[in-house]
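Please have a look at it first.

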Amino acid sequence: MTEPRDRSDQVARLAQLNRQFHQIVPHNRALGLEVVELSDGDARMRLPYSPELVGNPDTGVLHGGAITSLMDACCGAAVFMKLPSPVPIATLDLRIDYLRPADPGRDVLALATCYRLTRNVAFVRGVAYHEDEADPVASAAGAFMLATAPGRGSPRSPAP
């Protein structure tokens, strides 16, 4: 009997996370990015297909910049899920290898895993795909800087 309650709690939590995600990063809202699933060090997101995001009108293929934004957001979310407590992060390096064009008219999913967390840097791998992670549209490898010293904007700094 607890399954429906757990499922509804999970759906409500994801809806709240998506609202916060869009509020904090308006670019994510503009692209329609959606958090699908979060767990310890992992994130899964969706980029809904939109004609406004097409890079080549002759083919209907999504622009690579939209997929890069999806991968950056998903990798960053994976870092947040690995952190013991929230701190500001910034993308230091993000390599995207485009393996094939995304299928026109189809949403693109992304899965990212933060596989190493040091005091200053988090390391992440990810893939963008349609249905099967083993048949990716793109792969990513990234490094994210973690705020470590108190300073303006850091959650560890005292209020001015």
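Predicted model: local features only at pLDDT ≥ 70, side-chain atom pairs only at ≥ 80, totals over all residues.

M45 stands opposite A110 in β6, and that pair belongs to the place where strand β2, residues 42-47, is joined by 6 bridges to strand β6, residues 108-117, the two running antiparallel. Residues are numbered from 1 along each chain as its sequence is written, and side-chain values use heavy atoms, with hydrogens and water left out.

On terms, strands (E, at least two residues) and helices (H or I, at least four) are DSSP runs numbered from the N terminus, and two strands pair if DSSP finds at least two bridges between them.

Now the whole sheet: it is open, has 6 strands in the order β1-β2-β6-β7-β8-β5, and is paired antiparallel. Its edge strands, each pairing on one side only, are β1 (34-39) and β5 (89-98). Neighbouring strands are turned by 20° against each other on average, direction ignored, where axes are lines fitted to C-alpha atoms, for helices over the stretch in contact, and angles run from 0 to 180 degrees between N-to-C directions.

Helix α3, residues 64-82, packs on this sheet, touching β1, β2, β5, β6, β7 (121-129) and β8 (138-146), and its direction makes about 40° with that of β6; contact here means heavy atoms within 4.5 Å.

Finally, β8: 8 bridges join β7 to it, antiparallel, with V127 opposite S139, while 9 bridges join β5 to β8, also antiparallel, with Y98 opposite A138.
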